[in-house]
Structure formats: structure tokens, C-alpha cells
Amino acid sequence: MKIAIIVIIILALAVFLYLQNNLIDITRYRLKSEKIINRVRIVHLSDLHSKPSKSVLEKTEKERPDVIFITGDYIDDKCRNREKMYDYAKELCKLAPVFYITGNHERRLENFDEVMQDLRDCGFKVLLNESDSITLNESRLSVLGLDENQADFDDYKARRNGTFEYRDMSPYFDEFEKSDGYKIVLSHFPENFEGIKELDYSQYPFDLQLSGHAHGGQFILPLFGPVYSPGQGIHPKYARGSFGESPKLIISRGIGNSEFPFRLFNHPEINVITLSRKL
């Protein structure tokens with residue numbers, strides 16, 4: 001009898017953890033701007049970590065996005081499921097144009113340049129400290145994709161020691177200021193929005209920043225909130241949701257996991273952002 005109870009508990013726990021890691025949440029945002037002519041629908045994905053989720057692909061297709069933004073850690077630092085992730089990239093590109101930036105995992109790849117070219121060949125618009133633009137439904141979107149390259153293992157140690165020096169991205173923002181239309185910044189690291197003092201991205205004139213990296217804090221505990229994020233530590237502020245108004249930051253809790261194998265009270269997340277005209 002005791003063995004049966006233990007088996008039931010183990011099975012129940014396994015099912016619970018599976019659902020915590022595989023039930024997909026869709027979080028919707030509606031933003032208005034004078035720069036938008038006709039409605040534009042964005043799907044924002046982040047931190048797939050070499051997980052070619054069929055459910056995410058199906059849900060993304062149902063949203064009928066005009067454009068898809070991927071904010072890093074698409075492939076993990078061990079390059080798992082490489083060919084599957086290339087096939088997955090091609091499927092995403094069938095749904096809408098895909099703009100992509102790197103995260104810390106891609107930047108740890110020894111074959112980084114090769115993987116970036118492969119993703120370009122799959123159809124991704126790979127932005128490495130570059131800007132691009134696209135017109136959708138008569139609305140012009142300008143996109144700056146940042147390749148911050150700031151989170152290898154030595155960088156994490158430097159943060160703990162208080163000796164880490166953030167890169168000055170102002171030259172890219174200064175150039176981006178010349179762009180027209182609705183301005184979107186893709187940055188893997190959400191804390192860079194307003195958490196790095198004089199180098200904060202929020203000081204620059206753009207409309208929206210999309211980020212990931214924090215995995216929602218991995219665990220989200222009642223009364224406590226997000227538990228931990230690399231680069232922010234315990235109880236990270238920039239782990240989920242949105243911050244600011246002009247510019248605005250929207251953070252994805254991400255799709256996959258990296259070194260830590262499961263989430264708790266923190267389902268994988270797709271962000272759907274609808275831009276419409278402010279009258």
C-alpha cells in the first residue's frame with residue numbers, strides 16, 4: 001500500500017512538472033501610436049534553447065502574425081537539435097518575416113559565425129548590432145537588433161564581484177535615432193532597459209524594447225514572485241511583464257530551459273503585441 005502511494009505521488013509530480021514546462025501561456029499587449037497607420041500584430045518569442053516546440057509553432061500560426069521577433073537563445077550553447085532548429089526556423093519564416101538577435105548561449109558557440117549564416121539561409125533576418133526596417137499594412141517599423149555579448153561565465157563571475165563593465169551601446173542608438181517609423185529595439189537582456197545606470201537603454205528615443213533571458217525567474221513563488229535570473233540575482237525585477245511607457249519594455253518568460261531543467265508556476269510564454277493607431 002505504501003509503495004502504491006509513493007508511485008502515485010511520483011507520477012502526479014511528474015505530470016505536474018511536465019505541465020509546468022509545456023503548457024504555453026499567451027500574454028497579449030495592445031499598444032497605440034501615432035506612427036502606426038494600420039494594425040500590426042507581433043509575435044515575440046525568446047529562449048527556445050533548442051526546443052522545437054510544435055505547440056508554439058501551432059499557436060503562433062493561429063495568431064496570424066505580421067512579423068515575428070526572436071530575442072536570443074534560440075539555439076543553446078551545446079548546439080543541441082541543430083538541424084531540427086533550422087527546420088523549425090524555416091517553418092516560422094513561412095508564417096511571417098522573422099527578425100532574430102543572439103543571446104548569451106549563441107555567443108558561447110565555437111561555430112558562432114557558421115550558425116548565424118545557417119540561420120540567415122533559413123530565412124531569419126539576423127541583426128548583430130544592426131538596424132533594419134519593414135513596412136507592414138502601411139506601417140513602417142524600424143528595428144535595432146543588439147548583440148550585447150555580455151553573459152559568458154566570466155561575465156557572471158564579474159557581476160557577482162561587482163567588477164562587470166557593461167558595453168556602451170550608445171553609438172548604435174545614436175544611429176538608430178535617424179530611422180523613421182515605429183522604433184523597436186531587440187535586446188536579450190531586460191535589465192539593460194533601466195538597470196545599468198548611465199548606460200540604460202530607456203534614455204534613448206525609441207518606442208518598444210523586447211527582451212527575454214530571465215526565464216520569468218525560473219520559479220515564480222506566491223507572495224515572492226520570480227526567484228532568480230542570471231545577471232540580476234535573487235528576486236529579479238526584470239523577469240516578466242512590462243515596464244515604462246515611452247519607451248516600453250516587454251519581457252518574454254521564454255519557451256525552453258537551459259542548465260536548470262524545469263520551471264515552477266511559470267509556464268512557457270508567447271507574447272502577442274498588437275500595434276494600432278492612436279487617434
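1. For the angles quoted below, axes are lines fitted to C-alpha atoms, for helices over the stretch in contact, and the angles run from 0 to 180 degrees between N-to-C directions. Please keep in mind throughout that the model is predicted.

2. With that convention, helix H2 (residues 54-63) lies across S1, strand S2 (40-45), strand S3 (67-71) and strand S16 (269-277), and it runs at about 170 degrees to S2. Helix H3 (residues 82-95), for its part, lies across S2, S3 and S4, at about 145 degrees to S3.

3. The strands named here belong to an open sheet of six, ordered S1-S16-S2-S3-S4-S5, in which the pairing is mixed. Its edges are formed by S1 and strand S5 (125-126), each of which pairs on one side only. Strand S4 (residues 98-101) is joined to S5 in the parallel sense over two bridges, and Tyr100 has Val126 in S5 as its bridge partner.

4. The largest nonpolar core holds 30 residues, of which Leu45, Ile70, Tyr74, Leu92, Leu119 and Phe124 touch the most other members. At least two residues of this core come from each of S2, H2, S3, H3, S4, helix H5 (112-122) and S16. Apart from it lies another core, of 22 residues, among them Leu31, Leu127, Leu136 and Tyr182.

5. Not counting residues up to four places away in sequence, Ser33 touches Tyr182, Ser276, Arg277 and Lys278.

6. Asn129 is found in the loop between S5 and strand S6 (130-136), and its relative accessible area of 15% is why Asn129 is classed as buried. A polar atom of the Asn129 side chain lies 2.9 Å from the backbone nitrogen of Asp147. Beyond residues up to four places away in sequence, Asn129 touches Gly145, Leu146, Asp147, Arg167, Met169 and Tyr172.

How values were computed. Residues are numbered from 1 along each chain as its sequence is written. This is a predicted model: local features need pLDDT of at least 70, side-chain atom pairs count only at pLDDT 80 or more; totals for chains, interfaces and linings use all residues. Side-chain values use heavy atoms; hydrogens and water are left out. Contact means heavy atoms within 4.5 Å. Two strands pair if DSSP finds at least two bridges between them. Helices (H or I, at least four residues) and strands (E, at least two) are DSSP runs, numbered from the N terminus. A nonpolar core is a set of buried Ala, Val, Leu, Ile, Met, Phe, Trp, Tyr and Cys residues joined through side-chain atoms within 4.5 Å. Buried means under 20% relative accessible area, exposed over 50%, partly exposed in between (1.4 Å probe, protein chains only). A polar contact is a pair of N or O atoms within 3.5 Å; within protein, one must be able to donate a hydrogen and the other to accept it, and residues adjacent in sequence count only if both atoms are side-chain atoms.
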